[in-house]
Amino acid sequence: MSRVDELVQLLGQQYVLTGEEAQPYIVDWRGRYRGNALAVVKPGSTDEVAQVVRWCAANKVPMVPQGGNTGLCGGATPDSSGQAVVLSLTRLNRVRSVDTENDTMVVEAGCVLQSVQQAARDVQRLFPLSLAAEGSCTVGGNLATNAGGTQVLRYGNTRDLVLGVEVVTAQGEIWNGLRGLRKDNTGYDLRNLYIGSEGTLGIITAATLKLYPMPVAQCTALLALESIEDAVSVLSAARNGFGAALTGFELIAGNCLQGVVECYPQQRIPFEGDAARMPWYALLELSDSESADHARERFEAVVGAAIEAGLVQDAVIAENITQSKALWHLRESIPLAEKAFGKSIKHDVSIPVSRMADFVQTTNAALQANFPGIQHVIFGHLGDGNLHYNVAKGQARTEEELLAQQDAVYQLVHDSVHEFGGSISAEHGVGQLKRDALPRYKDPVELALMRRIKQVLDPDGLMNPGKMLVP
Ligand code: FAD
């Protein structure tokens, strides 16, 4: 019996995909990585995941866990050998339980993030993880990459939103760690080891998530700004003025908004005159637990003071939920509208907020000195010190010429990030994209510890090989 037939025997014919059917699973979201697979398998339960893993372990077949396949680092794409099994978790899509007294819900790894947000809303709770890929990405992928998004400022990364996990280990054992406890000091924190491990240690099959009260009212504004220094000062004022009610602070370069309206003519920049052509914008959001009037009062006080201080050149405050959604839609459209600039070299970096303006100025200048005419496409979650610092070809070169310079651009930007005390992967992870860069920037002892952990938990190196750590 062939290996594929053995998998069919485990899961049934329709859940073992090969040939044409497997194609969407072996290429990443950006089309940058394309691999090959023995088969794509779609188990329907934790037990079936464990059976597949035991089969892979017994036959020394590498496994590539995959959720919504929206990752931006090639982490869910198999290599080109055709030896690996892609293990798609999308059939594990049940909300197992909701406990409103404990403010927790247990969901399976294949649940699409948007459906989890909705399940929380159905019981008048908030699950605050929010990112532009939420209509396709899955909870398993969110945990595996420790996803960030737009609400990190208030609620933290995915890791901060998880109380427990269920994991199938590399040997095929099932660890039920779905405890819904906020306090549990009974040993090593294995939950947090699996979160952010990008499928290299085991397969997450379910998670206990934290729920929060729904905000009573929200205020959103788009601010037109002259500089990143001004944006950082407004962020600081908003932190002081709103405290924990500050739930979003996004920085957007003017050319990114222009790119959005070029790509999507039905969207518009909601300013007139000079304010429609500012170098920077910030999207600010407050979530209030009292009332709409209270929210508005607080919001206008902070935004008004920032305008008076000359930090903000113009501001549009959303009057209702539709306007608020339109402002967020502008921000969320940027990753898709980036195609207006042609192919770009993307960096997902974090820098201490206090050094952000200096970082951008220094790095922009170094890039222009080394690659004249290159175009900067910059936006991100300034509140978390996280920038998507992307570089497009500009007028002076073709896409091919830009891509030929890719490695040199990466190194220049990442060296600069390192000098400014930052991280070369803020929220997207390492995957294949940054694997080879990691040793240049990571503390060697830390990297050696990571290798030892991998060796203990996955001694045969079958869990997502070639991702995060050089094999
Ligand atoms: P996949 O892409 O399928 O997998 C990602 C990684 O997780 C791979 O290494 C895979 O092997 C592993 N994995 C997946 N499921 C499991 C599992 N059950 N167990 C173990 N390992 C698993 N990310 C952010 O952090 N913030 C953003 O704001 C953001 N915005 C985005 C906007 C767009 C338009 C797009 C396309 C992506 C964006 N991302 C963002 C990246 C991406 O959406 C996240 O990384 C997301 O968490 C990936 O989830 P997924 O289900 O698609 O995972």
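**Group meeting: a domain interface and a ligand site**

From domain 2, five residues join the contact, and from domain 3, nine; contact here is heavy atoms within 4.5 Å. Quick caveat: this is a predicted model, where local features need pLDDT of at least 70 and side-chain atom pairs pLDDT 80 or more, while totals for chains, interfaces and linings use all residues. Numbering runs from 1 along each chain as its sequence is written, and side-chain values use heavy atoms, leaving out hydrogens and water.

For bounds, domain 2 is 95-213 and domain 3 is 217-330, from an automatic or database domain assignment.

How much area is buried between domain 2 and domain 3? About 560 Å², with carbon and sulfur atoms giving 56% of that; that's accessible area (1.4 Å probe) lost on putting the two parts together, summed over both. On the domain 2 side, T150, L153 and R154 lose the most, together 78% of what that side buries.

Now, the ligand. It has 35 residues around it, the closest being P65, G67, T70, G71 and T138, counting any residue with a heavy atom within 4 Å. A polar backbone atom of P65 is 2.6 Å from a ligand oxygen, and one of G75 is 3.2 Å from a ligand oxygen. A side-chain N or O atom of E427 lies 3.0 Å from a ligand nitrogen. The protein covers 96% of the 970 Å² of accessible area the ligand has on its own (Shrake-Rupley, 1.4 Å probe).

How values were computed:
Polar contact = N/O pair within 3.5 Å; in protein donor to acceptor, adjacent residues only side chain to side chain.
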